[in-house]
Amino acid sequence: MTKVRIEWDSDYVWESLLEEGAALSARSGSGLVVVEVGMHSAKQCLAAAELGFEAHCVEPSPPSFRRVQQQIRDRASPAARQRITTYNVAAGASSGGTVPFTTSGGTGDHAGGHDMWAMTEAAAPGGTAKVIDVPAAALDDLVPAGEGVFLAKIDTQGFEPEILRGWERALSSRRVRHVLVEYWPRGIDLLGGTPGQCAAVHMLESLVQAGYTLYALSVISHPKAPINQYNRIFIGERYSARPLNNFRENCKWYFDLEKDFPSETYKMGYWTDILAVAEDNSQQNLIGVTDVGKAL
């Protein structure tokens, strides 16, 4: 795993890669495709379409999907609207059947019936969210097979490994040039039924085996994480000590951070985003119009 500038977050990298892709598309005269899985808002999907990308945008939560649809109707230019395809499904390891999904229309909607705040298998009674069954689809079946994808962003509250399993054909052939994927060891272990086992490592290993170089972005936590009571210099020093040359040690570091800053109420832990870049495309993906392009 390679360390990108520690202060870069996924939004900055997404915006920079869109700018790179738009410049590359203008130079080559060919269109490019982006995929966003787990939206909540149409903002990033809209930004891609307005820059000329064909945008495939997936949101499983029905209330969030309705909000996204309305935002597209209200905000997208006519040309951009034609470039957006939306899907009210849960991307997963396979197509057909359903995925249980906890939905309230908020940013914490997620696969399964877990309580992601308490990090427990079942949600406490009396909450406003409800668990429904959402149709499931593999991205290999959802995104047209002939289309190479310039950029994908996957942010699904710990369900990312299942989604990548459902995109194995495209990833193994490196038809997806850049993948921005949330990496939340605590959440991935909870949804996978493997508490404390760092099952998230397998997701990183599968990307490397498929021929991707991985870049670690900034460490993220909820504002209520106990480390946030300290000053930015102290936090930056702790985060910069994150090991990046061993996947298992890297994953263990996130759990150790929880032990070093214990809390009776905060159980969500710490996470990051990983940028995976297809190795055989790395020289032709970017043309240096942003800092990201120059760095890669």
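**Disulfides and a helix pair**

Cys198 and Cys251 are joined in a disulfide, with their sulfur atoms 2.1 Å apart. Keep in mind that this is a predicted model. The structure has two disulfides in total, and there's a pair of packed helices to look at as well.

**The Cys198–Cys251 link**
- This link is left-handed, with -105° about the S-S bond of Cys198 and Cys251.
- Cys198 sits in the loop between α8 (185-192) and α9 (200-209) and Cys251 in helix α11 (residues 247-260), so the bond ties together parts 53 residues apart in sequence.
- Cys198 counts as buried, at 6% relative accessibility, and Cys251 is buried too, at 0%.

**The Cys45–Cys57 link**
- Here the sulfur atoms of Cys45 and Cys57 are 2.0 Å apart.
- The torsion about the S-S bond of Cys45 and Cys57 is about 90°, so this disulfide is right-handed.
- Cys45 belongs to helix α2 and Cys57 to strand β3 (residues 54-58), twelve residues apart.
- Cys45 is buried at 1% relative accessibility, and Cys57 is buried at 1% as well.

**Helices α1 and α2**
- Helix α1 (residues 10-28) packs against helix α2 (residues 43-50) at an angle of about 15°, their axes 10 Å apart.
- That angle is under 35 degrees, so α1 and α2 are roughly parallel.
- Asp11, Trp14 and Leu18 of α1 meet Gln44, Ala47 and Ala48 of α2.
- Sorted by type, the residues of this contact are four nonpolar, one polar and one charged.

Terms used:
Residues numbered from 1 in each chain as written. Predicted model: local features only at pLDDT ≥ 70, side-chain atom pairs only at ≥ 80, totals over all residues. Heavy atoms only, no water. Axes fitted to C-alpha atoms, helices over the stretch in contact; angles between N-to-C directions. Helix = DSSP H or I, 4+ residues; strand = E, 2+ residues; numbered from the N terminus. Parallel < 35°, antiparallel > 145°, perpendicular 65-115°, else oblique. Contact = heavy atoms within 4.5 Å. Nonpolar A, V, L, I, M, F, W, Y, C, P; charged D, E, K, R; others polar. Disulfide = S-S within 2.5 Å. Buried < 20%, exposed > 50% of the residue type's maximum accessible area, 1.4 Å probe, protein only.
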